Amino acid sequence: MAESVDLPIRLAILPFRNKVLLPGAIIRIRCTSPSSVKLVEQELWQREEKGLIGILPVRDSAEAASTPSPGVQTSKNQEETSDSHKLNGKNQPEVIHWHNRGVAARALHLSRGVEKPSGRVTYIVVLEGLCRFSVQELTTRGTYYTARIIPLDMTKSDMDQVEQDPEFVMLSRQFKAMAMELISVLEQKQKTGGRTKVLLETVPVHKLADIFVASFEISFEEQLSMLDSVDLKVRLLKATELVDRHLQSIRVAEKITQKVEGQLSKSQKEFLLRQQMRAIKEELGDNDDEDDDVATLERKMKAAGMPPNIWKHAQRELRRLKKMQPQQPGYNSSHVYLDLLADLPWQKASEEHELDLKAAKDHLDSDHYGLVKIKHRIIEYLAVRKLKPDARGPVLCFVGPPGVGKTSLASSIATALGRKFVRISLGGVKDEADIRGHRRTYIGSMPGRLIDGLKRVGVCNPVMLLDEIDKTGSDVRGDPASALLEVLDPEQNKTFNDHYLNVPYDLSKVIFVATANRVQPVPPPLLDRMEVIELPGYTPEEKLNIAMRHLIPRVLDQHGLNFDFLQIPEAMVKLVIQRYTREAGVRNLERNLAAIARAAAVRVAEREHAIPLSKDVQQIASPLLESRLADGADVEMEIIPMGVNNHDISQALRITSPLVVDEAMLEKVLGPPRYDDRETADRIATPGISVGLVWTAFGGEVQFVEATAMVGKGDLHLTGQLGDVIKESAQIAMTWVRARATQLKLATAEETNLLEGRDIHIHFPAGAIPKDGPSAGVTLVTALVSLFSQRKVRTDTAMTGEMTLRGSVLPVGGIKDKVLAAHQYGIKRVILPERNLKDLAEVPSAVLSSLEILLAKQMEDVLEQAFEGGCPWRQHSKL
Ligand code: ADP
């Protein structure tokens, strides 16, 4: 700290624009103007011992004009002003308003900046204010000013005298107290250890006043007035005032921050309270805050029983959701995702009761007629599960035409096991994402069908039916079958990965059952994981039994009817089977029966109007009615008692006799018969037509083959949506017939070319249905032989079999279904390849006994049986 200094009478002056340097203050300035650079160079830089300079405040002219300061030395200013013109090298007169008091300063540090290419240099000077002086006279020295000065510092004796002054003592005490307070406030805020307090004890109070004030941000006017306070008492008073003001402003600022902080913590407090309130409500079971969507979701998630790793994942996602606004994109998808996680049955399982095989068998028997072998196999399957509940036996796959009871058998398995049942339809699934879901990055992404099914069923151990597993196909969007492989593989399905779900799900508790119409389209690896149980179609007798025992009671029940009202006699059911349905299963039969029940229900509704009033029907009279009656109007109102209403139709009609379905009603409801036994005879009215038996996804079917000849160049035309194999069969048939034309007496010896001058057209009717397979070989030959020989094929005979180029008849598949179809069609004779004899064991004996089965080894055997009176060539030979 500067002690009192001996000032020279003349000091070089550095003007300070709108600023004041107070004694005790330290400042750092950069000198760039030529005059100040010159001053620094000459007065400080080039001197050996550090020199002193005077700092004199200068007021801006604009400011001076508005607030003229009494301290401005006008007379000298005039003189300096003109000087300054020269100094600035400007033509415009610029008035410089010098203050008449300044502070002598000592350079504590000097540094010279790098010389610019223009040759200009700059200086950085650190100055310490030492003591006040007043300016006597201002003159120029070269490019800068000098001033003759009088120091304003007190001498030692002056000081001693002042210190005796009680007013000064009081003021200095007051100031010190104030300063002390300020220091403690600042120290508290900035956590500086008591260094500043040391100042208070060591530095004389009048200097302290300057030092304190120098550190405040105060206006130029206030700085000037501080500089002008030469009198110690005035200076202390002013400084006390400024310290006090500073203290006040710190306090106000503090209060404001406290207030803001207080507000912040208020919202935090509110949050906490709300949380507590929620917890209390939860404890009380008082969950009326349903509107709080996220809270509900969280509760649901907690109750879902997720495994720990999934719970962690879900919580992460929930935290993300909580930070989002409901309007924000992504909020919804996140919510839907968490909803799914919460809805999935992670642990919830239907309790598997002790399996009672006898009860299961009874249940299967009561639900399904026939199917003895299949039911037996199901019981075996259940028995294995009973002995070893976690046995990972093969997946059962029911294969058969529609409506043969595949789905209902699977559902019976679920009932027998006491588990829930869920059906996943795979028909037409070509996209792997249908099984595995889409990743959540896709817009509109969804979980796959399996996860969706599990969400629907709500337990983790249902019986899951993978329906129509043969109808999945693969294309560019991946292979659903490979995803299914993972599902059915006990090693892999513990951690089934749905792309949408993105966390593994354990499918190992699910019992899978599959259905398919045909085995062939099922990819072999998938088939390898399943045990195929074939359900062939039903015979008409079986259908009749199913209808009488199961379908009719169920249909009546579904329509609110019973036997007291509607009776469908057996004969009528037979007619429905023969004339209105021609299918392997019983689905259409059930539909037709339902149509009859609907029609009956309408009749009931109609009859209801005609119900005679029973004795408890009341008549009512109201004032309104009375007045109307008084007018002579003939109004009557009835109230029908509660027991009689539309919902209980059969009740209402107990009094009437049951409606018995007859042929007339059948025709009225179902329309004219769709099929009849005479159909084959009608269709085979001309030569060139034969009857084949084919096998489709819907079971066995009767397929006509028509051939005709016309003028042409020997071409063969084929129509009727045919696949490559069947087209080749047609070529083979044609070749075989042509090769044996003479032998078969189809052509004379001279005219050996059957196709001479004519084209042949072969058509397979029902052109909308795609057909393929080799089993039409014998039928094609028969049609061609019939055409060329102009002899009709027997109307009661149908055939099936593949034929080689040399005329051998090869065995074909689906014999049981084909024979059943023939039987149903009213066909009496069936020609089969000899090697299919073993397959006849599957055909119910009732059907076999009503048919004549003819076995063929060679094509000639077929022809022999197909024509009335044997093969055409024999006829010829007889002649
Ligand atoms: P699929 O799944 O093979 O297409 P469903 O299982 O849906 O056939 O069966 C169609 C309808 O026929 C169902 O109402 C079913 O109960 C009934 N059904 C099929 N077979 C029998 C049967 N053997 N006994 C009783 N009802 C049957």
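User: Which residues are linked with Arg 10 in a network of salt bridges?
Analyst: Glu 137 and Arg 148 are linked with Arg 10 in that network. Keep in mind that we are looking at a predicted model here.

User: Okay, and how far apart are N and O in the Glu 137 and Arg 148 salt bridge?
Analyst: The N to O distance is 3.7 Å for that pair of side chains.

User: How many salt bridges does the structure hold?
Analyst: There are 35 salt bridges in the structure. One of them joins the side chains of Arg 141 and Glu 43, at 2.6 Å from N to O.

User: Which parts does that one tie together?
Analyst: Arg 141 belongs to strand β6 (residues 123-141) and Glu 43 to helix α1 (residues 34-45), so the pair ties together parts that are 98 residues apart in sequence. Arg 141 is partly exposed, with a relative accessible area of 33%, whereas Glu 43 is buried at 6%.

User: What does Arg 106 form a salt bridge with?
Analyst: Its partner is Glu 128, and the closest N and O atoms are 3.6 Å apart. This pair also links distant parts of the chain, with Arg 106 in strand β5 (residues 101-112) and Glu 128 in strand β6, 22 residues apart.

User: And what's the exposure of each?
Analyst: Arg 106 counts as partly exposed at 30% relative accessibility. Glu 128 is buried, with a relative accessible area of 7%.

User: Why do such side chains pair at all?
Analyst: Side chains of opposite charge can pair when their charged atoms come close.

User: Switching to the surface: which residues form the positive patch?
Analyst: That patch is formed by Arg 28, Arg 30, Lys 116 and Arg 120. Arg 28 is found in strand β2 (residues 26-31) and is exposed, with a relative accessible area of 62%.

User: What about a nonpolar patch, which residues are in it?
Analyst: Val 252, Ile 256 and Val 260 form one on the surface, and together they have about 260 Å² of accessible area. Ile 256 lies in helix α9 (residues 232-284) and is exposed, with a relative accessible area of 52%.

User: Now the annotations. Where does UniProt place the "active site"?
Analyst: The unreviewed UniProt entry puts that feature at Ser 775 and Lys 818. They are spread over 44 residues of sequence, yet they cluster in space, with a largest C-alpha distance of 11.0 Å.

User: Where's Ser 775, and is it buried or exposed?
Analyst: Ser 775 lies in the loop between β22 (758-763) and α28 (777-789). Its relative accessibility is 12%, so it counts as buried.

User: Which residues does the entry list for "binding site"?
Analyst: The unreviewed UniProt entry lists Gly 400, Pro 401, Pro 402, Gly 403, Val 404, Gly 405, Lys 406 and Thr 407. Among them, Gly 405 has its place in the loop between β8 (395-399) and α15 (406-417). Gly 405 counts as buried, at 17% relative accessibility.

User: Let's look at Glu 217. Where does it lie?
Analyst: Glu 217 is in the loop between α7 (205-214) and α8 (220-228). It is exposed, with a relative accessible area of 83%.

User: How many residues of α7 are buried?
Analyst: Nine of its 10 residues are buried, so α7 is mostly covered. The buried ones include His 206, Lys 207, Asp 210 and Phe 212.

User: Last one: where is Ser 850?
Analyst: Ser 850 is in the loop between α30 (845-849) and β27 (852-856), and it counts as partly exposed at 33% relative accessibility. Ser 850 and His 823 are 27 residues apart along the chain, and their C-alpha atoms are separated by 7.7 Å.

Definitions and conventions:
Residues numbered from 1 in each chain as written. Predicted model: local features only at pLDDT ≥ 70, side-chain atom pairs only at ≥ 80, totals over all residues. Heavy atoms only, no water. Salt bridge = Lys/Arg side-chain N within 4 Å of Asp/Glu carboxyl O. Helix = DSSP H or I, 4+ residues; strand = E, 2+ residues; numbered from the N terminus. Buried < 20%, exposed > 50% of the residue type's maximum accessible area, 1.4 Å probe, protein only. Patch = residues over 30% accessible without salt bridge, like charges linked within 9 Å, V, L, I, M, F, W, Y side chains within 5 Å. Areas by Shrake-Rupley, 256 points an atom, 1.4 Å probe, with all protein chains shown as cover. Lys, Arg positive; Asp, Glu negative; His and termini not counted. Charge placed at Lys NZ, Arg CZ, Asp CG, Glu CD. UniProt positions renumbered as here; feature names shortened; annotations may be inferred.
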